[in-house]
Structure formats: C-alpha cells, structure tokens
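Subject: Structure for your study

Dear colleague,

Please find below the structure that I am handing over to you. My notes on it follow.

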Amino acid sequence: MQIVFADLQDSIVALSSTNSPEAIRRSAGVLGKVAQLLEIPFTVSVAPRPDGPGVIAELPEAPPFVRGGPCCWDDQAWREVIAAEARKTLVVCGVTSEIVVLHTALDALADGYDVIVLVDASGGMSERTENAAFRQIEAAGGTVTSVASFVTGMVRDFTTPIGRQVIAALHGLSG
C-alpha cells in the first residue's frame with residue numbers, strides 16, 4: 001500500500017466547498033503521521049502554481065512531484081516511483097475530488113491497482129459533484145472511506161506501542 005497526497009496546497013485546499021480547509025488539513029496531517037508510524041510510502045503530487053507548490057504544512061516532508069495536468073497518473077516520473085514500490089494498493093486524497101482524486105483513482109484502477117479514497121482528507125467543488133465523483137470511483141471498483149476507518153482497518157490493537165501512537169494520532173481528527 002502507498003499513499004498519494006494530491007494537490008494539498010494552501011491555495012487549492014482553500015477552494016474546497018464540501019470539507020472545510022481546516023478539516024482537510026487535520027485529516028491529511030493525521031494520515032501523514034500514521035504513514036510515517038507504519039512506514040507506508042507516500043508521495044506528494046501538486047499542480048503548478050505561480051508562487052510555487054505551497055504544500056500544506058500538515059503533510060510530512062517530501063519532495064513534491066509537479067505535474068502539468070489534472071491527473072497524477074499522467075506524470076511519468078510520479079508513476080515510475082509508484083510502480084517501483086511494487087505495492088498494488090493506492091490510497092488517494094486531495095482537492096479536488098472531482099478532478100485530481102477522480103482521474104487519478106480511475107487511471108490507477110484501469111492500470112490494475114486497488115484504490116482507496118479518503119473522503120475526509122479530500123474536498124470538492126460542490127456536494128453534488130463530489131458525490132458523483134465518489135460514485136464513479138466506486139462503480140469502477142474503488143473504495144471510498146474515511147481516514148479513521150482506513151487506519152483502524154490496519155491497526156486493530158491499540159495496546160501495542162504502535163497502536164497507542166496510532167490512536168493518539170487519530171485523536172487529532174477531532175476539531
């Protein structure tokens with residue numbers, strides 16, 4: 001499994017109408033902490049912006065892949081990094097759900113990956129259009145869920161040292 005944080009940039013996250021920018025930041029930050037705790041590889045893919053990538057501060061440090069279009073899958077360098085991991089589950093979150101999340105999820109599914117989209121670490125242009133994108137992802141075979149559900153599906157024992165750190169990180173989801 002590997003995680004892609006897509007277009008989680010200050011100027012883009014601020015455009016979300018379906019999930020508050022603060023909630024997206026919290027959820028993405030918790031997901032980043034959990035990825036580091038569980039040693040899950042992740043990438044940061046960004047849209048070109050006049051003032052530079054402007055990645056949200058809540059994400060773990062990583063060099064961003066700047067792509068030219070609406071889909072991470074179209075970025076050859078990014079796709080090579082994903083393929084090199086040889087992990088066939090891609091966890092996707094980002095803004096907007098109707099653009100980068102949708103197209104990346106559909107292309108990954110078409111290329112044989114299992115895809116999980118995390119709704120609370122994503123944001124859309126409107127509830128109606130975001131829900132249509134999520135239905136399209138599910139119809140293509142993807143899974144749409146939350147950060148908490150995703151993480152607790154992997155870590156089921158909160159009494160271990162890692163489990164205690166994971167549940168502490170999940171407490172950060174509350175606003």
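What covers the buried residues of helix 7? The cover includes helix 2 and helix 6, where contact means heavy atoms within 4.5 Å. Helices (H or I, at least four residues) and strands (E, at least two) are DSSP runs, numbered from the N terminus.

Before going further, please note that this is a predicted model, in which local features need pLDDT of at least 70 and side-chain atom pairs count only at pLDDT 80 or more, while totals for chains, interfaces and linings use all residues. Residues are numbered from 1 along each chain as its sequence is written, and side-chain values use heavy atoms, with hydrogens and water left out.

Helix 7 and its neighbour

In helix 7, the buried residues are Gly163, Val166, Ala169 and Leu170; buried means under 20% relative accessible area, exposed over 50%, and partly exposed in between (1.4 Å probe, protein chains only). Viewed down the helix axis, these residues fall within an arc of 125 degrees, so they line one face of helix 7. The arc is that of the directions from the helix axis to the C-beta atoms.

Helix 2 and helix 7 pack at an angle of about 170 degrees, and their axes are 9 Å apart. Axes are lines fitted to C-alpha atoms, for helices over the stretch in contact, and angles run from 0 to 180 degrees between N-to-C directions. The two helices, helix 2 and helix 7, are therefore roughly antiparallel, a term for angles over 145 degrees. Val30, Lys33, Val34 and Leu37 of helix 2 meet Ile162, Gln165, Val166, Ala169 and Leu170 of helix 7.

The nonpolar cores

A nonpolar core is a set of buried Ala, Val, Leu, Ile, Met, Phe, Trp, Tyr and Cys residues joined through side-chain atoms within 4.5 Å. The largest one has 30 residues, and Phe5, Leu8, Leu31 and Leu118 have the most contacts inside it. Helix 2 gives the largest share of this core, six residues. Leaving aside residues up to four places away in sequence, Leu31 touches Ile3, Phe5, Cys93, Leu118, Val147 and Phe150. A second, separate core has 23 residues, including Cys72, Ile82, Leu102 and Tyr113.

The strands

Strand 2 is mostly covered, with four of its five residues buried. Strand 1 runs parallel to strand 2, and four bridges join them; two strands pair if DSSP finds at least two bridges between them. Ala6 stands opposite Ser45 in strand 2. Strand 2 also pairs with strand 3 (residues 65-66) in the parallel sense, over two bridges.

Yours sincerely

Note on methods: Angles under 35 degrees count as roughly parallel, over 145 as roughly antiparallel, 65 to 115 as roughly perpendicular and the rest as oblique.
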